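Thanks for sending this one over. Here are my notes, point by point, to read alongside the model.

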Amino acid sequence: MGKVVSASNQKSAAESMASALSSMEGVDAEVSERKSGTSPRNIVSVDCSSENWRILAECMRVEHDVDYCSMITGIHWPEGSPDKNWEVIYHFMRMGVTDPPVIDGMVQPIIKDPTTLEGKEVPLEIEVRIAIPETRDPKVASVQDIWVGADWNEKETWDLVGIDFEGHVGMRRVLQPHETPVGFHPLQKQHKLRYHDFEEMYDDAQGFLRKPSDAGKIK
Amino acid sequence: MDGDGQNYSVFNSRMLVDTVGDITDEALKASRIKDVIGVLVGRVFNWSQRKSLFPLHLGIKCCALEMAAAGASRFDAERFGVFFRSSPRQCDVLLVNGPISKKFADPIVRLWEQMPEPKWCIAMGECAISGGPYFQSYNVLEGVDTIIPVDVYIPGCPPRPEALIDGFDKLRQKIIRIGAVPDDAAPESNNPIIIGDV
Amino acid sequence: MAEMWISMGPQHPMTHGLWTLKVKVDGETVVDTEPDLGYIHRGVEKICEARDFTQITTYCDRLCYASANTWSHSYIYAVEDLLEVEVPERAEYIRLIAVELQRIASHLMWLGAYGPDIGNLSVMVWCLREREMMMDLLQELGGSRMHYNFPRVGGVKRDLPHGFAQRARAKVSLFLDRIQEYEALFDESTIFLIRTQGVGYSKAEEMVNHGVSGPNLRAGGVNYDVRTAHPYSVYSELDWEPPVERPSIKGADCYDRYRIRVEEMRVSALMVLEALDKIPRGADTYHEPGDPAILAKAPSRAPEGTSGAHHFEDSRGESMFYLAGGGEGRGKMPYRASIRSPMFITIPYASKCMIGYKVADIPAIMGSFDPCIGETDR
C-alpha cells in the first residue's frame, strides 16, 4: 500500500496547532475536517483581525515552522456585512522541508516514511482569513519578508483586487499591462464582464454586423 | 549634366545601363515578349511562395501545442514546405494561435510589421478568431482581426493538426487565386486600444 | 565592461511560452533578471464568476494546456470540497488513470521542448511521438486530443471504453521501454551533461520559502509530495513512492531536475498499470455515463458562506483552487474562484537562479524548471 501521512497524526497535530494559535489575541483557530477521496483531511482554519495579522504571521513562522506560503486570495464583498467588506485569505502549508544532510561529502536525500511523521513534523494545511471592514482602500500588513513566496502573490492580489499590502517593497502590476490606469482592479464587483447582460451579444448573435479591420479591401 | 562632383573622365556606366534598359524594355513591350515573361515569372514566383510558407515560431497558447504536433513526425507539416523560423524577418505567415491580450496587442502588431511583404496571417483557434471562450474578458481582444488583417481562419479549440494543415492548404489556394498583392493600406480600425475599458 | 539589459521575448523560441525575461548582462555573465508576465492574462478568475460549476471545468483545462487533465481535476476536487460530495471509488480510480497519463504526457512535452533548448533536436520528434501515444489513450477517455473536460462534479463523464485496458497496458509497457532510449540519448551525450550539470543550483529550504514545490523541490533531495502529505483520491491504495533525486552539495542543478522528471514518468506509468489492475469491478466492465458507479449525484448550488479549497499535485508543483460560494444564479456560480499556479511563483525564483551564470545557460536553467505560461497568466 502507498505510504501516506496518517490521518490521526495529522488531526492531532492540527488540533495542537489550533489550540496554540487560539491563545493569541484576536485570533480564533479551529480544525475543520474535509473529506477527499479515501481519507479525511484536517486543516487549521484561523480567523484573525487585520491588526494582529503581523504578530500571528511571525508566530506561525517561528514557533510552528509554517514555511510555505501557497496562495493569497482577495475577495470584495460589497453587499456583505459592514465589517466584512473585503476579505483576504491566506493559505499556508507546513512542509517541514530541510536541506538534505551532507555525509562524507555526499548529499543524502531525505526520504522519510510519511506514515511515521507525527507531532511537529506532520505536514499541515493552514487557512487564515482576515476580514476588513468597509473602506475605500483596504490594507493588510505585508508578509513579504517572512515568506518570499508571498511576494508575487501580494502583487497579484493588489493588481487584480485592489487590496494594498503595507510594507511591501516593489508593488507593481504583474498580470495586467503596466499602463493600466491607476485604480483599475478588475476583480472588484463594480466592474462587469463584457456582454454581462447578454443583450448586446444577442442583438447580433452571429456577428454579421462586426467587420474585420480590412473589410472592403481587395485581397 | 555638369553638376558638382560630376566626373567626366570616368565612364558613366549608370547612364549606359539605364539607356540599354529603356531600349530593351521598349523592344520587349513591342514584341509582346514582356507579357509572356511576366506571366511565366509570376507563376514561378507564385508557385515558390505557396510551396514554401514559413510561419513564425510564435506559440501563444494551447493551439501552439497542436502547431508543434503538426510539425512533429505524425502529422509532419514540413513535407508541405512549412518550416518554422524564429525571426519575423524571414517569415511569410504569421500563425496566431491564441488569444491576444491587451499587453500583447502592441508586440504582435510590431511582429506583423517586421515581416516583409508578401505576408499572410492565419488565425488559428477560437481565441484568435473571436476571443474564444474569453470573449467576455476585460483583457482579451475579440479576435486578432481587430488589429491585423487575417487571410485564413481555422476554427477549433484546439483545431486538430490535420485542420491546421488543411488551413495551410486553403492559404495556398488563396495565393493561387489572388497572387501576392501587397497590402499597403493600414487596417481600417485606427481606434487605440484603451486599457481599462471593457 | 558596461552592463546592459537584454530583453528575451515575448516572441522567443526558447522561453516555453509567451513572457519576457529581461536580463542584465555584464559581458557574458548574468547580473540581474526581471521576468515580465501577463501577455496571455485572460481574466479567467473573473470569467469564472459568471459560469456554472460544470462550465468552469472547460476553462480549467485551458489553464495549463500542456497538462490539461491535472488542472481540471484540481478544480473538481475543490468543487467537491465546496459542495461536500462523495465520489465513488471507481470514479477515483478512473480519475487517477487520467491524471497520471496526463502527467506522463506533460513531462514528455517538457522533455521534447528541453532537448532543442540544449541543442538535441532529435529528441523533440521522439518525445512528441510518445506523446501522441499518450494522447491517443487520453482521447479515448476524454474525447479530444487536448482539452477533455473529463471530470464531472461527483465523478467522471464516462467510463473506460471497451478495450481501453488492453490498449493502455500495451502502450504504457512500450513507453516504459522507450524511456530507456531517452536516458541513453541524454546520458551518453557529453554536451548535454556539460550544459546541465553544475548549472542553476537551487537548495531545498530556499525553494520552500519561495513557494516552489513539485518535481523542482523533489530534485532538491526531499520527498515532499502533496499526494502523500495531504492525501486525496486513491493514491494511498497504490504501491508507489515519489521519486527523489540526490542533488549535489550546492543544491539541485538542471541535471537533477531532468532526472526527476524521467523518474516521475516511470513511476506514473507503473501507477497506471497498477490502477488498471486494482480498479473496483474490473477494468473491462463498462457503465453508461451517469451510472452511480462513476458519477454521484451532486448539488449544483453552493450557499453563501461556504468555501472549498484543495491542494493538488500538478505536473509542475502544488496547484490549488479556492472557491467561495454564493455567487450569481442563487449560488450556481462561485462568488470568487481563485487559482494558485505553481509556475507563477516558480518563475521569479527560476529567474533568480540564473544570476551568476552565462547567457548561454539561461535556456538550460529556464527550461529545467518547466515553465508553462498558460497557468502563470491565468
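**Notes on the model**

1. The C-alpha centres of domain 1 and domain 2 of chain B are 36 Å apart. Domain 1 covers 13-49 and domain 2 covers 53-177, with bounds that come from an automatic or database domain assignment.

2. A word on conventions: residues are numbered from 1 along each chain as its sequence is written, while chains are lettered from A and ligands numbered from 1 in the order in which they are written. This is a predicted model, in which local features need pLDDT of at least 70, side-chain atom pairs count only at pLDDT 80 or more, and totals for chains, interfaces and linings use all residues.

3. On confidence, the model has ipTM 0.88 and pTM 0.88. Chain C has a mean pLDDT of 89, with 100% of its residues at 70 or more; pLDDT is the predictor's confidence in each residue, from 0 to 100.

4. Back in chain B, please look at the open sheet of 3 strands, ordered β1-β2-β3 with parallel pairing. Strands here are DSSP E runs of at least two residues and helices H or I runs of at least four, numbered from the N terminus; two strands pair if DSSP finds at least two bridges between them. At the edges sit β1 (93-96) and β3 (152-154) of chain B, each pairing on one side only. Direction ignored, neighbouring strands are turned by 15 degrees against each other on average.

5. β1(B) pairs with β2(B) (residues 120-124) in the parallel sense over 4 bridges, and B:V93 has B:W120 as its bridge partner in β2(B). Helix α6 (residues 161-178) of chain B packs on this sheet, touching β2 and β3 of chain B, and its direction makes about 165 degrees with that of β3(B). Such angles run from 0 to 180 degrees between N-to-C directions, using axes fitted to C-alpha atoms, for helices over the stretch in contact.

6. How many residues does each chain bring to the contact between chain C and chain A? Chain C gives 57 residues and chain A gives 47, where contact means C-beta atoms, placed from the backbone, within 7 Å. On the chain C side, α8(C) gives the most, with 5 residues.

7. Chain A has 4 helices and 9 strands. Of its 219 residues, 39% count as buried, meaning that 20 or more other C-beta atoms, placed from the backbone, lie within 10 Å of the residue's own. Among chain A contacts between residues at least 6 apart in sequence, 64% join residues at least 24 apart.

Terms used:
Two residues are in contact if their C-beta atoms, placed from the backbone, lie within 7 Å. A residue is buried if 20 or more other C-beta atoms lie within 10 Å of its own, exposed if 12 or fewer, and partly exposed in between; C-beta atoms are placed from the backbone.
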